[in-house]
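User: I am new to this structure and would like to learn how to read it. Could you take me through it step by step?

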Amino acid sequence: MKELINLDSELLRNSSILESGHSFEGQRLEILNLCKLFLDLNLDIVKSHHRQGAVGSSVVEAITQTVDQLVDFMFQAVSTDLDPDGFGACTLVAIGGYGRGELNPISDLDLMFLHEGRHPEFAQSVAERMLYLLWDLKLDVGYSVRTFKDCLEMSDRDITARTALLDSRYLAGDEALFESYQKTVMSQVLAKDTQGFIQAKIEEREKRFSKYGSSVYILEPNIKEGEGGLRDLHSALWIARVRFKASSLRDLLRKGLLTEKETRDFEQAFEYLWRVRNELHFLSQRKNDQLHFEHQVNIAAYLGYQDSKTGLAVEHFMQDYYAHATFVEHISSSLIAKASLKEEGTFRFLGIINRRNLEEGFYILRGELGIQNPALLAEDPTRIMLAFELAQRHEVDLSIALKGHLRETLPLMRSKERNSRRTASSFLNILRSSKGVVKTLRDMHHLQVLNYIIPEFGRIFCKVQHDAYHIYTVDVHSIFAVEEITRLWDGSRAETHPTLTRVAADVEKRELLLLACLLHDIGKGHGSDHCKRGAEMIPRIARRLGLKKEDTNRLQFLVVNHLRMSRTAQRRDLNDEKLIIEFARSMEMSENLNMLYLLTYADLRAVGPDVWSDWKGFLLEELYLKSFQVLEKGHFRLERRTEKVRNRMRKVVDLLEDDIAPRTVKELLRNMSTPHLLSHPLTELAEQIRLIESRGSSAVAVQVDHDEEHGFSRVMIATLNTEGLFSWITGAMSANGINILGALIRTLRNGVVLDVLQVTGGTGEIITDEHRWSSLRDDLVSVIEGRVRVDELVEKRRSSMNLMEKAIPRFPNRVQIHNEISDQYSVIDVYAHDCVGLLYAISRTLTELGLTIGVSKISTTVDQVTDTFYVQDIFGSKIRDEAKLEQITQSLLAALDEL
C-alpha cells in the first residue's frame, strides 16, 4: 500500500499551529482545514488500497492509524492556549470499536475524556473544542467526560457502558492517569459480578437477534448486528474476557483457553467480515450495515464473483456469506458456552454418580449427550449418526464438547460409512420418530452432517435465490418445510387447516414425506429446471438409504412434481372439468395426490411469511378435493351434462320460488352457458339471479360477501356487456386499492355480463369499510356511464401512493401463450413486477387487441405477479394464427414496459 500521509512530519512541517503563544480560536480554521486535508488524503489512499484487493485488517488498521493521528494532533492543538498546569489532568481514551482499533470507513468514534475530578474545566474545554472540530469534519462521534468514579458507577448501572469500557485504549494526554485508570477501573470492570455480566450479555444477544433477525439466513442481513455478524464475535469475546479475566483474543490463547486453530478461526472471521463491511461503507457513503440487494450485487462484483450455470454472481457471494455467517455463529456460540459453564470440578463427583451410560460409549449428564472417548467416533464414523439418534430418542441436547468432536470427525465419513446400512437406519429412524425431528435435523444441518450423509444436499447448503420472496436459503427453507408437516401432525394447524391435518394423519410412511420436503429443491444446486434435475438424483440417494422401489418411485414423483399443484391451483381454471380429470389422471393414485398436496402446502408455507395466503390455501384445497373425488370414482370420463344441467336449473327455480317468478328465473338460466351452470354452487347461482334482477334499469349492480375463513371477499358485478368492461372493472378496483385474486367473466346470451371476483385489500386483508365499497360502486357507475375515464382514476391512485420503492431484484417481464390447456380458450400467462394498475393495463391491452376474457387468475408472490387470462377472439375461438400470437405477446410486453 502507498504510505499514509504522516500528519506531524509532512503536513505540520512548516506550520506554527502547535507553537505556544497562539490562541486556539485564532487558528481554528487553519486547524480544521489541515485536519480535513489529512483525513481526505489518507482515506483516498486507504480506499485505493482496498479496491486493489487489500485484506480487511489492513484497511481497518490504516483507518484506525489515521484517526489516531488526527485526534492526537487535535488534542494538542486545542489545548495549546489552555492552562499548562491542567494539561496532565486529562487523558483521551478510545472505547468501544475505536478502542479495539476496528474502524471501518464510516464507523463511529467513541471517545472518553478522562479526568481526576479536581479540575474538570480543562477536560470539558478540550472536549468541547475537539468535538466541534470532529463534527465539522462530518464524523459520527459518541463522547463522554468522566472521572474514575463516574466510570465505575456507569459500569454498575449500564451493561452497554461496561462493555464499551472493556475496550479502552490510550490515545493522548496524561499516560500516568491512564495507567492508574487501568489498575483502578479496568480491574473492576473485568472482575465485578462475572455471572451477572455474562447473563446480561446473553439476554442482550437474544434481543439483538429478535430485532435484526434470529437466523443467519436473513434475505438482507445486517453484517454488524445480525446473527453470524461482527457483534456475535464481539459478544463471545467480551463474555470470555470477563469470565477468564483476559485482555484480548491473544490473551485467551496465552492462557490456554483457546487453541491456535480457534484463535485463527476468530481472526479469519473478522478478516472476512471487515473486508465486506469496508466495501459496504465505501458503497453507501453513509452509516449502513445492512446488505441491501443493490449492495449485494456490487460487493459480489468487487470480490470477483461471476455468473455461472448454477447461479448469479450475487447468489454465489451470498452463499459464501451465509456459510461464513453459519461458521461465525458456531465459533461464537461455542466460546460463549465454554465461558458460561461453571467450574467442572464442582460437578465432577456428582457427575460420576449421576451420569447415565448408553450404548457404544455415549452417556447423558445434566441433560446433555456426551461421549467417553472421542476416539470412538474416529474408530467408527457411523457413530456420528448414532449420536443424533440417541439425543433425539432421549430428548437431550448434544454437549458442546460432543459437537466439537462431531465436527472434527466428519471428514472421516467417506462413501463407505455414508452408504452403510447403519447410517441409513439411524437417519430413517430420526425421520420416523414422533418427537424432535426438526430439532435433530437443525443440529445435523448446523454441524453440516446432512451435507456428508446426503452430498446432494450439500450443493444447496446456504444457497441463495436473489429475489424478494425467497426469505431463506434453499437448505433452511427445506428444513422449514419439514417443520410445517410436523405441525400438521402435532395438531397445531387443526383449527385453521382441518383438511390438511386430516390428510396428514392418514400418511403411512411419514419418513418418505419428510424426505420429499428435505430433498424437493436439491436440483437448485445444479442450475435450471431444478424439479427434473432433483428427481434424477433421487434413485442414487434412495439406494444409499435402502429404500424400496415403490418408495423410490413415489419420492421421485414428489420431487419432479412439487411445483405442479401450486401452479395449477393458482394459474388455471379449476372449473374446467377436463383440466381436473387430466390432473387427477397424472396423480395415478390417491396416496400420490395426498402427499403432493401436503408437500405443496409445506413448500409454500416455508418460503416466507408473505408467500402463503388463505386464498392460496383455498385454491389448493379446491384442486385437491376435486382431484381426489375423480380418483375415488375410479374413471376419467367427462360426465353426461344434459340431465345434470336440467336438474340444477330445476333446483335453482325452487330456491327462488318465493322471491322471483319461476318464468323469469328459467329465462335467465336459459341465457347462461352450460359451463356457467355447472361450475357454481346452487346457492351462488340463485344469488346471481337475484343480483341480475335487482339491477333493474341501473347501470350496474354490485354485491359483496366476505369469506372470513379463507380471507377474501367475493364481489359480484352485474351490468350490460360493452367492449373493455373487464378493464374498466380492474381499473376502478385498482383506483380504490382493491387487489383482485381471481375473476370469472360470465356473459349471458341476453347481453348481461356477470363478473365474479375474489378480492382483498392492498395488504391482503378483508375490506370491511363500507365507504370503500360505496366508492367502488360510484366509480363503476361513473365509468360505465362515460362520466369518468378509468385511466384517470388509476393515475390518480398511482400518484397518491407516492412511494419511494425499495430496490429489489427484478426479473424480465415474460408472456407465454398456451393453446393446449383449455378446449375453449387460449391461455395467456403474464409474468411481471407488481405495481398499481398492472391488471388494468393488461386487460385494457387485451381488449384493444379484440380479445374477450373469460377467466382471469392472479397469483402474487411478494413483488412478482403471474396474471393468467383465458381469452377468445371476436368469433369465440382460440387464437391460433402465429402472427396474431406474436402481436399479442409484443403488445403486452410494451404495455408492461410503459408501467
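Analyst: Happy to. The protein has 41 helices and 16 strands; helices (H or I, at least four residues) and strands (E, at least two) are DSSP runs, numbered from the N terminus. This is a predicted model, where local features need pLDDT of at least 70, side-chain atom pairs count only at pLDDT 80 or more, and totals for chains, interfaces and linings use all residues. Residues are numbered from 1 along each chain as its sequence is written, and side-chain values use heavy atoms, with hydrogens and water left out.

User: What share of the 899 residues counts as buried?

Analyst: Buried means under 20% relative accessible area, exposed means over 50%, and partly exposed is in between (1.4 Å probe, protein chains only). Here 56% of the 899 residues count as buried.

User: Which residues is Asp755 in contact with, beyond its neighbours within four places in sequence?

Analyst: A contact means heavy atoms within 4.5 Å. Asp755, which lies in strand 12 (residues 752-761), is in contact with Val715, Met716, Ile717, Phe726, Ile729, Leu744, Ile745 and Arg746, leaving aside those neighbours.

User: How far from Asp755 is the nearest side chain of opposite charge?

Analyst: For charges, Lys and Arg count as positive and Asp and Glu as negative, while His and the chain ends are not counted. A salt bridge is a side-chain nitrogen of Lys or Arg within 4 Å of a carboxyl oxygen of Asp or Glu. Asp755 is buried yet has no salt bridge, and the nearest side chain of opposite charge, Arg746, is 8.6 Å away.

User: Which residues form a nonpolar patch on the surface?

Analyst: Patches are made of residues with over 30% relative accessible area and no salt bridge; like charges are joined within 9 Å, and nonpolar side chains (Val, Leu, Ile, Met, Phe, Trp, Tyr) within 5 Å. Accessible areas come from the Shrake-Rupley method with a 1.4 Å probe, and for residues only the protein chains shown count as cover. Here Tyr132, Trp135 and Tyr143 form such a patch, with about 340 Å² of accessible area together. Tyr143 is found in strand 3 (residues 141-146) and counts as partly exposed because its relative accessibility is 47%.

User: Where does Lys245 lie, and what is its phi?

Analyst: Lys245 lies in the loop between helix 10 (230-244) and helix 11 (249-254). Its phi is near 55 degrees, a positive value in a residue other than glycine. Glu360 also has a phi near 55 degrees, and its place is in the loop between strand 5 (356-357) and strand 6 (362-365).
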